[in-house]
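The following exercises concern one structure and are each followed by a worked solution. Please study the sequence and the model before reading on.

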Amino acid sequence: MNRLKQAVTDFGWPRIIIFLFVVALFIGAPFVKVRVDSSFTDVFNRFGQNAVLVLALVPMVQAGCGLNFGLPVGIIAGLLGSTLAMEFGLVGWAGFLGAIGLSLPFAVAFGFAYGLLLNKVKGEEMTIAMYVGFSIVTFFAILWLLLPYSSPNMVWGYAGKGLRTTITLEGYWGLILNDFLALRIGENFRFPTGMILFVILLTVLVGFFFRSKTGTAMTAVGSNPDFARAGGVSADRMRLTSVILSTVIGAVGILVYQQSFGFIQIYNAPLFMAFPAVAALLIGGASVNKASMLNVIVGTFLFQSILTMTPSVINSILQTDMSEVIRILISNGMILYALTRKTKVTK
Amino acid sequence: MSKTFDPRKFLADNLVVVIFLVVTAFAVPVSGLSAQFIIQELFTRIGRNAFLVFSLLLPIMAGMGINFGMVLGAMAGEIGLIIAVDWGILGVNGLAFASLVGMPIAVFLGWIAGEVLNRAKGREMVTGYILGFFMDGVYQLVVLYMMGYIIPIRSPAITLSRGYGIRNTLGLDSVRQSLDNLLAVRIGPYVLPLATYMVIGLLCVFIIWFRRTKLGQDMRAIGQDQGVSHSAGISVERTRIIAIMISTVLAMIGQIIFLQNMGNMATYNAHKQTGFFAAAALLVGGASVSKATIPNVFIGVVLLHLMYIVMPRAGAQLFGEAQIGEFFRDALSYAAIAMALVIYAWRKRANAERARAGLRGGEAAAGGVK
Amino acid sequence: MSKLDPKAARRWAIRAVLAAVYLALAVILFVTGKGHTILVDNKADPAGAYPALKAAVVSIGRQKPMEFYPGDRDKFVVKGQRHRIRVKPLAPGAQEREVEFRLPLGQDMTLLSISKLMAGAEPWIEVFVAPTVQQMAAERAADDLANPLETFGNTGP
């Protein structure tokens, strides 16, 4: 009994409430004539769409850099990759893989600079990361207008220059992962096999990384810096590696997101993209200084289920569109809970 | 302290200000706006924004960093205004009434914010920021779903057609610029909202007085060192909560002053940028995350808003696109906040390391000192 | 309950007084700041009991005077309840009339007929409900009747 109590405290009551909420949503759905199969299609789509962005947060949490509110740094690298791939006229798999390839050098370079900065501001990473993210997004908004992109599918028709706010991926690599080996069961259920496989692949890769020598050293730096230092691990180096890794996965994450969403969104769109990802990770059971692959999968699934199901289920029960309010309260409430929780070992 | 002028130290201390000055000095002539227009705009904007920026001072004094949770106060002010408009109270009476309605809400929200931030020591800023997001959800719940349903709203003109919830834009005709026009003085070609300035002046006096009170001294002591303050018998947690409460109440009044000047209110968005603008203004004015003074507020409001006035035009002149100027000023403001935070964190670490190096011989407090 | 020590009692007394002052202040602000729209019109009685004024200058309090011709309707926005209206017909030899009146606190709009006032007909001041407000109230009442058991508002747009 005590052990159960302990487990509940460790897990945290907000998560239990959210979990029960999701279960209630799925149970309640048929009673208010919401189709469960099409809901599940949406949930799986959105799960795959967002999981990699959530995964991107893990390395920095593990290395003790806190929640990466500066995820937009990686997202910008991904945007550069996809817009360049489009500019070069790459389509299909060449387009998607080309976008990843083109975004990698940017992601590494940005991550390197971002990591150096975060190493100089230990203890204040999260606030600074947030504002670094805001700065880079707004700074790149200028570049989207000025860079010499010329593909007519991307630039404003009347001016002939400056990227559009949303660029369609139709005819390039829109839905390429979603449609790969996609399973259709019945009328309304469709499983985006390719995307889910890709997510699992990346998760497994990152999981293996954390079992490698570098990975364990990174975790050691995050959980016990003094011990790590005694073991001859350079904390700064490990933190830097984690930030670069986080940024690179973030770049890949936005590319997966885009192909499923069907559009590239630029300018101010990435400004607040870190927050739902952070909320999802925390809902999955992660804390400010500890996160696992399981947290990523569970958290993304739960959070995306809420986002998918509340508009339809809650709205038909309450007869009013409260999904936005529920989303705001759940995601920020979760982050708030994690930030105010007494952490066991820090510093 | 040596008195010799060290240009490198000066630059490091005022990097953000210097960058802003240089950029704005370039942008002002490029924009082609007349000096008279710019100066009038600045007079207006000082009245509109200074009060909000002042609300950040006390938490900084108490060592809690920039209170991004000040948006809670802004929301309280907006609720006050909604009620004042709904009850049809005109002019300055309406503003005062809105403040009276907003006051208990702001005190309550400030208390919550203080409690939350006390549980997040060491990361007050990011927690305050997220708290602002969270409370935005609560605000929507109250204003969009409860007003006109649980909270009675008399006027159908301000509710949505479905019968409950406040419209997206609330016209503030009944109180529009009533404080500004209460004592508008014309000096040469300029109109100065003297009554608003007097309210701001009163606040300055309050802050100067407050610093000398026992409570103000306690706050400064906590800002210096929580451990020492605690052993000196100061109730750290309580004092921190009071700092946040006062900040929230000031933000509430600040938002009312801001909105009366604007003349209408974007019910669900008006507070979203409040924290950002106030923080940017204060930091651009040369304040740091650990030290902010009254002159910082005024310098900051003038500098930040000078840039906000001229940048779109400068962008249009240089690149043929005003949007570039708009993005540029946003980028620069975000970067200013980031830079100020970085400099602060950098210093804190340098000081900590110096302290540790100094103690290393004695080996007394390697782990004990935080 | 234990005996309240005088210090605590005094503190509570001060708090109560402060709360009372706070409330009183809110009430004063409300009463003195409440805005009212006064629609002034100059229309003849359809039954012919009194005529419209040919031409008159009307001012309420210290607001700018307005000219009224037969059939005119215009509005004054005033603050507070007690006001003084001055009607000065522009006919040679006509008597100017100045009357003090009170507006009901809860009403946003009142209709004041200067033709009635000058003719001495009562009531020259009436509560006015704008047609849109009337309509909205009726619609909502009908809506409430149609969906009596609804728990959380009606379906939004």
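**Exercise 1: Chain A**

Among the contacts in chain A between residues at least 6 apart in sequence, 74% join residues at least 24 apart, two residues being in contact if their C-beta atoms, placed from the backbone, lie within 7 Å. The model is predicted, so that local features need pLDDT of at least 70 and side-chain atom pairs count only at pLDDT 80 or more, while totals for chains, interfaces and linings use all residues. Residues are numbered from 1 along each chain as its sequence is written, and chains are lettered from A and ligands numbered from 1 in the order in which they are written.

Task: Describe the secondary structure, dimensions and burial of chain A.

Solution.
- Step 1. Chain A contains 15 helices and four strands; helices (H or I, at least four residues) and strands (E, at least two) are DSSP runs, numbered from the N terminus.
- Step 2. Along the principal axes, the C-alpha atoms of chain A fill a box of roughly 65 × 55 × 35 Å.
- Step 3. The radius of gyration of chain A is 20 Å, which agrees with the value near 20 Å for a compact globule of 347 residues. This radius is taken over C-alpha atoms, and the globule rule is 2.2 Å times the number of residues to the power 0.38.
- Step 4. Of the 347 residues of chain A, 52% are buried, that is, have 20 or more other C-beta atoms within 10 Å of their own, with C-beta atoms placed from the backbone.

**Exercise 2: The contact between chains A and B**

Task: State how many residues of chain B are in contact with chain A, and which element of chain B gives the largest share.

Solution.
- Step 1. Chain B places 34 residues in contact with 30 residues of chain A.
- Step 2. On this side of chain B, the elements that give two or more residues are α7 (124–146) and α15 (322–359).
- Step 3. The largest share, 15 residues, comes from α15(B).

**Exercise 3: A sheet in chain C**

Task: Determine the strand order of the open sheet in chain C and which strands stand at its edges.

Solution.
- Step 1. Chain C has three helices and eight strands.
- Step 2. Four strands form the open sheet in the order β3-β2-β5-β6 (chain C), with antiparallel pairing; two strands pair if DSSP finds at least two bridges between them.
- Step 3. β3 (66–68) and β6 (97–102) of chain C stand at the edges, each with a single partner strand, so one side of each has no neighbour in the sheet.
- Step 4. Strand β2 (residues 56–60) of chain C pairs with β3(C) over three bridges in the antiparallel sense. In β3(C), C:Glu67 is the bridge partner of C:Val57.

Methods. Buried ≥ 20, exposed ≤ 12 C-beta atoms within 10 Å, placed from the backbone.
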